[in-house]
Amino acid sequence: YLFVASGGIAFFLLVLVLGKKNKSRADYTFIGIIFSLGLYFSGLFILNSGKPDFSFFEKLILEFNEASIFLYGPLLWYYTLFLTQAKQKLTKEFYIHLAPFFVAMLYLWTRISMEIPTGASFRNFLLFFKLLSILSYTILILRILKKHDLTIRDYFSNLDNKKLLWLKFLAE
């Protein structure tokens, strides 16, 4: 039930942001994050369904879960940039940061299509790079938020609604 409730909350947030008029770049990035989380929760639901065998589509969602860590870091990083820097644009660099996700997905999708099981050694290799990705993007996001905190002190006397503490909590 927890996975269904989490997926429901993600879907509700997705509908709220999609219904918003005049969406910003941050909103579109947030939509990507929430959509990915919705798929992730779907994968957890599938994994815990107790079924002995999964369909191709279910396997694809499960492998998306495996590779999705490489998606969250860049999306959350750019979301932070869009919130803290008004003139930030989507650059070619962003797509380079998405490359590990697409490489992992392509490899895993190919394995599913050919019905070749993915070995434990590749999963361990992937785990190492997932942990490295999480650490790297956490550091990047926290540095941006620290810089943002220093910048807003120069412009505002009341910092309560401008510190983005919720984002710092999410990144940590």
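A salt bridge here is a side-chain nitrogen of Lys or Arg within 4 Å of a carboxyl oxygen of Asp or Glu. By this rule the count comes to four. The model is predicted: local features need pLDDT of at least 70, side-chain atom pairs count only at pLDDT 80 or more, and totals for chains, interfaces and linings use all residues. Residues are numbered from 1 along each chain as its sequence is written, and side-chain values use heavy atoms, with hydrogens and water left out.

**Salt bridges**
- Glu-63, Glu-66, Arg-123 and Lys-130 are linked in a network of salt bridges.
- Glu-66 pairs with Arg-123 at 3.5 Å, N to O.
- Glu-66 lies in helix α3 and Arg-123 in helix α6 (residues 120-155), so this pair ties together parts 57 residues apart in sequence. Helices are DSSP runs (H or I, at least four residues), numbered from the N terminus.
- Lys-130 also forms a salt bridge with Glu-66, the closest N and O atoms being 3.0 Å apart.
- Both Lys-130 and Glu-66 are buried; buried means under 20% relative accessible area, exposed over 50%, partly exposed in between (1.4 Å probe, protein chains only).
- Arg-123 is partly exposed, at 23% relative accessibility.
- Asp-27 forms a salt bridge with Lys-20, with the closest N and O atoms 2.8 Å apart.
- Asp-27 counts as buried at 12% relative accessibility, while Lys-20 is partly exposed at 39%.

- Ile-9 sits in helix α1 (residues 2-18).
- Ile-9 counts as exposed, at 53% relative accessibility.

How values were computed. Helix = DSSP H or I, 4+ residues; strand = E, 2+ residues; numbered from the N terminus.
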